[in-house]
Amino acid sequence: MTRTQKQSDRGEENAGTTEKQSGRGAASAVQSVDRAVSVLEILARHGEAGVTEIAEALDVHKSTAFRLLGVLENRGLVAQAKDRGKYYLGAGVLRLAGAAAVRLDISQEGVPVCRELADELGETVNIAVLDDDAAVNIMQARGTASVTAQNWLGRRTPLHATSSGKVLLAHMTPTLREGLLARTLPRFTERTITGASMLRAELEAVIAQGFGVTIEELELGLAAVAAPIRAHDGRVIASISVSGPVYRLNSDRLPGLAKRTVAAGAELSRRMGYGF
């Protein structure tokens, strides 16, 4: 066998070894995730547990259980009772559960409100929530006039170019809002607002009038109006919007649509516990 052939064989062996190691690494990572979830489930069942109890339940060494707990503690998903040394579910779990509960509650409570609004106005009605730097539509109802309308359900849409996005952006904390405004805002049409100062003025108007409007800022021919949905503590957690073609959502009709959308947002806010 020549030197070149030997080197080639060794290269194939090394490649095979690397591939196997990579496979083992992926399997190990999946196993770690599974164990971490199991830790959370154990604490959910028992309220609290020590490292030894968790290690025994997982059938792993105490050092492994300790490392898992350390990672979860760093992410705020578990906390340790200093006087007893036992672990319990942390505030991070409540944050995640709360975010999921909000979406589920809005989805449940929003069905009759969206359906009624869509039937009354004949247009497409959406509920959107903030998803990092975008608005994502979690519910949609179509009116009789919007049979051929686009399906917005599940779509992430830009905050600065949609009526729902403007509402969510306007009610952010100043720090988060300014962080987003400092970025380069993409232009979708000639009417898209991409300047930070102009957008700030637009958001001030959203706060003052109680609703946001877009006319051909995301897509040519599309107009929309949106209003906030509040949680029991007054925080804006979502927005409800009505959208349709500009020839139907024209300047004569928009004020009436805005008034009705604001009323629907207020009704959904009431259903979410706001105002009691």
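Strands are DSSP runs of E with at least two residues, and helices are runs of H or I with at least four, numbered from the N terminus. This is a predicted model, where local features need pLDDT of at least 70, side-chain atom pairs count only at pLDDT 80 or more, and totals for chains, interfaces and linings use all residues. Residues are numbered from 1 along each chain as its sequence is written, and side-chain values use heavy atoms, leaving out hydrogens and water.

Q: Where is Glu216 found?
A: Glu216 is in the loop between β6 (212-215) and β7 (222-230).

Q: Why is Glu216 called buried?
A: Buried means under 20% relative accessible area, exposed over 50%, and partly exposed in between (1.4 Å probe, protein chains only). Glu216 has 19%, so Glu216 is buried.

Q: Which residues does Glu216 contact, leaving aside neighbours within four places in sequence?
A: Contact means heavy atoms within 4.5 Å. The residues are Thr189, Arg191, Gly221, Leu222 and Val246.

Q: Why is Arg67 called exposed?
A: Its relative accessible area is 53%, so Arg67 counts as exposed. Arg67 is in helix α3 (residues 62-74).

Q: How many helices and strands does the chain have?
A: The chain has eight helices and eight strands. Buried residues make up 40% of its 276 residues.
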